[in-house]
Amino acid sequence: MKHAKSIILLSTPAACLTYVALAVRLPTYGLAAGDIDTNAFLDTLSRQGPISSLLGVFAIIALYTHKASVTFDKFSKRVLAVVSAILSLTIVFSGKTESQSRDSISFPWYTVGDPAWSSKRYVAFLVFQFFFISLFLYKLLIFAVQLVLKQDTINRRSKLLSSILTINIGNKKNILLSTLLVFVFWLPIAIINGPAIIDVDSMVQLIQMRGFRAWDPMTMEWLDGYNLTDHHPFLDSFIYGAFDKIGLFFGHEIVGFQLLIILQLLVGSFSLILSLAWVNTRAKIPEKVFICLFALILLVPCFSMYMTVILKDTTWVPFFLIWAVLFAETVFRLSQKQDISTKLVATLILFAVIAGLTKKTSIYVTTPSTAILLFFFSHRIKILLSALIPPLITLIIIPSLLFPVLHIAPGGPQEPLSVPIQQITKVLIDHQNELSTSDLQTISRVLKIDKAKKNYDPLTTDNAKHYGYKTTSTSKDRVNFLMLWVKLFFKYPISYFSSVTFLKDAFLVGPTYYYTSSVRCGWYEAGGYAILPEYKECTPSTLQSRIALPLVNLLNRIPPFSFLGSESLYTAWIPCLSVGACITRKKWKNLIYFTPVLFLELTMLILPAHQVRYSLGLLFTFALTIAVPFIGSPKDTNKTIM
């Protein structure tokens with residue numbers, strides 16, 4: 001092949017340097033992992049990181065010497081180059097590194113290394129890595145496009161493959177059978193992650209639903225006169241409390257939680273299959289790509305593991321995904337100049353309301369996404385109702401009518417101020433002497449300045465907010481505080497950015513969705529002791545410690561699972577690649593389908609800390625995101641959801 005020898009000569013040293021860079025970062029992690037009591041076989045396999053790096057070297061050389069049979073015009077090549085450069089940044093700048101001092105079960109082996117790599121001494125090496133990885137990704141994208149466009153037909157002699165490829169929104173029986181198939185494949189994960197995983201936030205909800213004295217978990221103030229707080233969504237509290245009572249009724253509390261987990265698995269399976277059915281109906285997606293999407297849901301346990309956790313994010317995400325499918329169907333019909341039925345609009349509103357009641361930030365996604373349609377399509381009255389009714393119900397009607405009757409304390413107004421409080425606290429630490437008296441007075445009406453500075457933590461906004469926020473502040477004080485926050489940004493941008501560096505972690509290769517934990521953990525003295533008392537506080541079950549924990553370690557450290565479960569694949573890679581594909585194919589009108597993804601990404605910039613659960617919406621909508629460039633040549637425009 002022409003230039004093959006030159007490419008090999010140039011790429012081999014670069015590949016070897018990358019291999020060395022990866023390999024030298026492993027000893028620190030290996031020592032930390034050595035303290036974990038795991039199954040010997042799985043733990044041995046999970047320590048083979050250097051071997052995978054070496055295999056990666058040969059893969060890089062093979063890709064460099066590969067000659068693409070698909071030709072690209074200059075515009076497409078430029079788009080691919082830009083996408084490659086953006087994605088390379090997610091690799092060059094590694095994700096979380098503070099986990100080196102812990103067991104690191106949520107981090108792949110290749111991201112936990114010496115923090116010195118980010119120092120000035122290694123800037124030149126980082127630049128070299130950036131260009132090398134960008135070039136590699138550019139070649140990889142060309143290779144991937146060739147594979148996708150190659151007209152290979154799937155062998156349909158297998159009844160299973162044939163039924164998978166015929167999943168569509170008009171075949172309800174096929175959707176049901178596929179849902180059950182996914183559920184069966186997920187059951188082993190539910191067993192090894194069992195009997196349950198109850199998050200610390202869910203413990204607050206269960207304790208208060210049991211009738212213990214209510215308190216605000218953020219301000220740590222008693223809420224006398226109230227039964228519970230809406231700091232965590234009240235609908236989730238009632239759901240968890242109901243299944244807790246079911247378990248108590250049968251004499252085994254854990255039975256109720258296991259029933260809830262089974263229900264979550266079923267609803268989660270259904271929502272994902274529904275999204276695949278819509279994709280297979282409305283987009284001309286290659287068969288092999290569709291099979292890969294289905295296999296990813298079946299075999300990569302990042303979906304199933306979180307469905308075994310009792311947590312507001314896991315309760316919310318299936319309902320949000322169903323809303324996202326309905327939103328995509330609405331956009332499709334509008335773009336095809338078809339009518340959108342009243343039934344479709346009503347269902348879209350219903351699931352937007354349910355999603356908003358199970359996770360508050362959902363409204364920040366569903367409302368603006370729907371409202372944007374007003375600028376591009378007709379049927380404006382139906383669109384306007386779809387945009388306005390959900391926030392009206394979730395933010396005004398229910399809190400004003402139901403909360404007083406049910407004695408529910410509304411969530412504190414400090415939650416939307418998390419990032420502003422964090423950034424202004426950092427300005428106070430760095431530049432308080434430079435602020436005017438009036439500015440300090442504005443801040444002091446909302447913050448206890450000394451306490452906020454003392455408890456400031458660069459990894460989370462919760463500490464400054466928890467200890468510094470004044471519950472006596474008025475709405476006028478908070479508005480003035482926000483206006484000052486905007487003003488100080490232009491004066492102290494470095495302090496602003498340095499205070500919330502944790503926000504980048506969701507977009508960098510590092511954290512994964514593989515998850516296990518203890519049966520229950522948190523708020524023991526406040527009433528947690530009464531929830532599943534037969535299980536030790538913050539202690540994994542036998543199955544969790546002997547199988548789930550080493551399995552998570554294994555998945556995090558070996559390809560391809562370490563990448564397929566990576567958070568950045570779903571928050572950065574898939575959205576960037578899909579947008580790039582739309583641009584190269586000049587599918588400009590299809591960009592409107594990305595509005596939920598856009599607002600999901602924006603909500604991640606106002607979070608109090610980095611946790612992978614915050615990006616579950618992007619994980620579950622991955623199939624819809626991948627399908628966007630293929631929408632426009634539907635397989636059957638006559639089939640409808642409703």
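**Helix packing and cysteines in a predicted model**

Good morning. I begin with Cys302, which is buried at a relative accessible area of 0%. Buried here means under 20% relative accessible area, exposed means over 50%, and partly exposed lies in between, with a 1.4 Å probe and protein chains only.

The model is a predicted one: local features need pLDDT of at least 70 and side-chain atom pairs count only at pLDDT 80 or more, whereas totals for chains, interfaces and linings use all residues. Residues are numbered from 1 along each chain as its sequence is written, and side-chain values use heavy atoms, with hydrogens and water left out.

Let me turn to the chain as a whole. The protein chain has 642 residues, of which 53% count as buried. Its secondary structure comes to 29 helices and 4 strands; these are DSSP runs numbered from the N terminus, helices being H or I of at least four residues and strands E of at least two. Among contacts between residues at least 6 apart in sequence, 80% join residues at least 24 apart, where contact means heavy atoms within 4.5 Å.

Two packed helices are described by the angle between their axes and the distance between the axes. The axes are lines fitted to C-alpha atoms, for helices over the stretch in contact, and the angles run from 0 to 180 degrees between N-to-C directions. Angles under 35 degrees count as roughly parallel, over 145 as roughly antiparallel, 65 to 115 as roughly perpendicular, and the rest as oblique. As for handedness, a crossing is left-handed if the near helix is turned anticlockwise from the far one by less than a right angle, and right-handed if clockwise.

How do H8 and H11 cross? Helix H8, residues 172-192, and helix H11, residues 253-282, have axes that come within 8 Å and cross at roughly 135 degrees. The two helices are therefore oblique to each other, and their crossing is right-handed. On the H8 side the contact includes Phe183 and Trp186, and on the H11 side its members include Gly268, Phe270 and Leu272. By class, this contact of H8 with H11 has 13 nonpolar, 4 polar and no charged residues. In that scheme Ala, Val, Leu, Ile, Met, Phe, Trp, Tyr, Cys and Pro are nonpolar, Asp, Glu, Lys and Arg are charged, and the others, Gly among them, are polar.

H11 also packs with H14; their axes come within 9 Å and cross at roughly 20 degrees. H11 and H14 are therefore roughly parallel, in a left-handed crossing. Gly268, Phe270 and Leu272 are among the H11 residues of this contact too, and H14 contributes Thr315, Ile322 and Glu329, among others. The residues of the contact of H11 with H14 divide into 11 nonpolar, 6 polar and 2 charged.

Next, the backbone. Most residues other than glycine have a negative phi, and most peptide bonds are trans. Lys337, in the loop between H14 and H15, has a positive phi of about 60 degrees although it is not a glycine. Lys337 is exposed, at 78% relative accessible area. A cis peptide bond joins Gly194 and Pro195, with omega about 10 degrees; Pro195 is found in the loop between H8 and strand S1, residues 197-198.

Finally, I return to the cysteines. Which two does a disulfide join? Cys521 is joined to Cys538, with an S to S distance of 1.8 Å; a disulfide is a pair of cysteine sulfur atoms within 2.5 Å. The link is right-handed, with 75 degrees about the S-S bond. Both cysteines lie in the loop between helix H23 (493-499) and helix H24 (542-557), 17 residues apart. The structure holds 1 disulfide. Cys521 is partly exposed at 24%, and Cys538 is likewise partly exposed at 37%. Cys538 also has a positive phi, of about 55 degrees, although it is not a glycine.

Thank you.
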